[in-house]
Amino acid sequence: NFSCYVNQYLKIHSSSLIMSRQLHARRIEGVDKNIWVEFTQLAADYQVVNLGQGFPDFSPPSYIQEAFCKAVNGGCSMHQYTRAFGHPPLVTILAKFFSKVVGHDIDAFEDILVTVGAYQALFCTFQALVNEGDEVIIIEPFFDCYQPMVKMAGGKAVYVPLRPVSRGKALTSADWVLSSEELASKFNSRTKAIVINTPNNPLGKVYKREELQLIADLCIKHDVVCISDEVYEWLTYDGAKHVKIASLPGMWERTVTIGSGGKTFSATGWKVGWAIGAGHILKHLKTVHQNSVYHCATAAQEAVAVGFQREYEHFGTPESYFLQLPERLQHKREKLAACLESVGLQPVLPEGGYFMIADISSVKVDLNDPSTQGEPYDYRFVKWLIKEKGLATIPVSAFYSPEHSKDFENYIRFCFVKEDSTLSSAEAILRNWSNGK
Amino acid sequence: LPMAQYLACSRVTILLSFQFILCQGIMTSSRHTNSKRIEGLDKNVWVAFTSVAADPTIVNLGQGFPDIPPPAYVKEGLANAAAVDKLNQYTRGFGHPALVKALSQVYGKVYGQQIDPFKEILVTVGGYGSLFSAMQGLVEVGDEVIIIEPFFDCYVPMVRMAGAKPILIPLRVKCNKKTNIVSSADWVLDPAELASKFTSKTKAIIINTPNNPIGKIFTRDELQMIADLCIKHDTLCISDEVYEWLIYKGHQHIKIATLPGMWDRTITISSAGKTFSVTGWKLGWSIGPEHLIKHLQTVMQNTLYTCPTPLQEAVAQGLLRDYELMGQPDCYFSSLAVELEGKRDRMAAILQDVGMSPIIPEGGYFMCVDVTSLNQDLSHMGDDEPYDYKFVKWMIKEKKLAAIPVTAFCGDASKKQFEKYIRLCFIKKDSTLDAAEAILKNWNS
């Protein structure tokens, strides 16, 4: 009809909005690029064997899927708003469960905030605590969102790298360490917080107690908050022990520990996460939360609560998913590492987590793709691997600061939390490529 | 070390350790206080009232959520989605492809124009998440944002968290001599007053139609007046239309984004929770031109990155089902409005029967009512709160009926204008409305 036509005409021919002031807010300047948006689109566009983005391609455990179905078919209240700071059954079981693990009595209603994934918990933490000009120490390589989140909160990121201490041919993530002097030198009177991630993404490092003690001592000395991203806390291999920095003396009152239902129960699409910490800090995260998303979805929280209740009852027994999953993944980790070695890529064997990085230095390819000209080497390599070989990975320089990424363009990251058939397909691609040389 | 030196060292060490232990005991350091951006934003009417109303013996007409079930096909859609492995893992950050495509279809029809699912739509955590993304993406420190009172309470703290200044303008009831019955249509803006609020600092105006709490549906003329000012002063419009389908007979919901010159400067916000009676799903979306939506997408990718997958898939399926039925009585968008109109009329009658004056809403699922005629003496409750806060607290305690005080939805300057009003939510099953009726009928006993 005519008005439709007029609307279309106006839409096509009206000029883009020109305001005398700039349209967007300054706080989002410089945070518009995102590797996931870029690389998930690429993986979707090409027919790939996807070892890129970190999500399982196998199903969550059946009991958790059942819990979700039960919640969906439950009463009216399952589909309406629940308590804003966290569904009562969920915060109650999280408090009970983690009190045991941390060795501190956690108050379900004061010390916990449920968020839309661990991602939103990180956002709430930075927004709640970081003022313009505050410094936040980030250990490299880091999950990429820390840097733009610190920036968006007006903070200044200060980086300190993990460095490989070469110990012969086979490197593990344990060989990547901090220099204690270098770390200490990063703390000053403007330091508001330090972000640690253990097990680490992308490296897989599981910080030892002594390493965490080093960090804790500095936090206490300089009165700094520790933001501890522990989304992969149940995934440790070869008997490595996950240690919670919040359990170290003097640290409960200054640590925000972040967890993920998605990573815990292999259901990344549910987006249920949490922040746990002393009430006097958590209350500020709650203020951010109530002014940004306010509530999280009820049914998913109910299902995660049921999952944790079941795990509480089976803790430490062979039925525990928290033991079964790392056992399954250990074998996949080995399978992938062996395959990468056999084709001349040098994997860094991870002590924990979902990922393995591999050094691509010894592989020479003709990256003849004008569309990636000028990009970092590992970005170009990854895109070439997607387009020419149908295998998706993630470039590791994306996990480094803009200042240091140039020094780390020779690693790519593989996710091994995949069905054996997926890993076998990846293996086939890599062997064919290697044989074809 | 010689003994004397050794003793000296160890004494110093002991002293230092002692001081160190003392320092550790001081838990709340001034450095661990809140960031400036959230200063003063910790209070919230919902936190105050929802826990009180959670008591099952209280008839809860307070917080806005249905106690009637969502349509069966919507629940089934979620159960089906959760059974698919892939749908339990991450989906596209800016919106699950099936959902943004369904939204593009539905709203393409509503707007009468093509809407690009990937560039002109962002899926967020409820309408709330869209409001936040719009503020954070588009509102600068020092900007002014015009807000019409009474307003959904989160607008002011969100504007403040973005470092901007809320500029409030109230709706006022125009005198209606013909009848005593007040409709939400009788609450209007003063054009000169509105025009005076626009300055060179005005970045945006937020409108909410149908309005929460009053239920007003802005007419085309009223929207045109706002649009003219937006264009004249080159401002943006954030249009909160979460109750867009809940329109009662004789009224029409108009999207300000469809007025000439407005598509380019408007973000329109909607809610799956309100559309399908599933507030606990917390899914919403923003629709607008690429040059605005892209900034909301930037906020999204730096705040929570993606919304839950199975919920998005289920909403997509629900939308597709109702898209086919659009314009027919079976379409949930229409059938819910018909069901609610009956409840609206019943609620109004109950209130009128006990001598109160409700504002009959043209849309939405709330009704505001002036409680003056009840003559409730609350002087024993002190002076530090507006009358409606005291009234609601008293009513919850003494009458076991929960509502929300309307001054929660206005600024300080307008409190006197609204403090005799309370807000009642009528998207409730018949037995809940029966219970409310019983309480009100027995008010004076």
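Predicted model: local features only at pLDDT ≥ 70, side-chain atom pairs only at ≥ 80, totals over all residues.
**Exercise 1. Is A:Glu233 buried or exposed, and what does its side chain pair with?**

Start with accessibility: A:Glu233 has 5% relative accessibility, so it counts as buried (under 20% relative accessible area is buried, over 50% exposed, in between partly exposed, with a 1.4 Å probe and protein chains only). Next, look for a partner: A:Glu233 makes a salt bridge with A:Lys244, closest N and O atoms 3.0 Å apart (a side-chain nitrogen of Lys or Arg within 4 Å of a carboxyl oxygen of Asp or Glu). Both residues sit in the loop between strand S8 (225-229) and strand S9 (255-260) of chain A, 11 residues apart.

Residues are numbered from 1 along each chain as its sequence is written, chains are lettered from A and ligands numbered from 1 in the order in which they are written, and side-chain values use heavy atoms, leaving out hydrogens and water.

**Exercise 2. Find which parts of chain B the salt bridge of B:Asp430 links.**

First the pair: B:Asp430 bridges to B:Lys343, with closest N and O atoms 3.3 Å apart. Then place them: B:Asp430 is in helix H15 (residues 430-441) and B:Lys343 in helix H12 (residues 332-353) of chain B, 87 residues apart (helices are DSSP runs of H or I, at least four residues, and strands are runs of E, at least two, numbered from the N terminus). Now accessibility: B:Asp430 is partly exposed at 48%, whereas B:Lys343 is buried at 8%.

**Exercise 3. Describe the interface of chain B and chain A.**

Count residues: 93 of chain B are in contact with 93 of chain A (heavy atoms within 4.5 Å). Take the area: the two chains bury about 7700 Å² between them, 53% of it on carbon and sulfur atoms (accessible area, 1.4 Å probe, lost on being put together, summed over both). Look for charge pairs: there's one salt bridge between the chains, A:Arg26 with B:Glu140 at 3.6 Å, N to O.

**Exercise 4. How enclosed is helix H10 of chain A?**

Count: 11 of the 12 residues of H10(A) are buried, so the helix is largely enclosed by the rest of the structure. Name some: among them are A:His280, A:Leu285 and A:Lys286.
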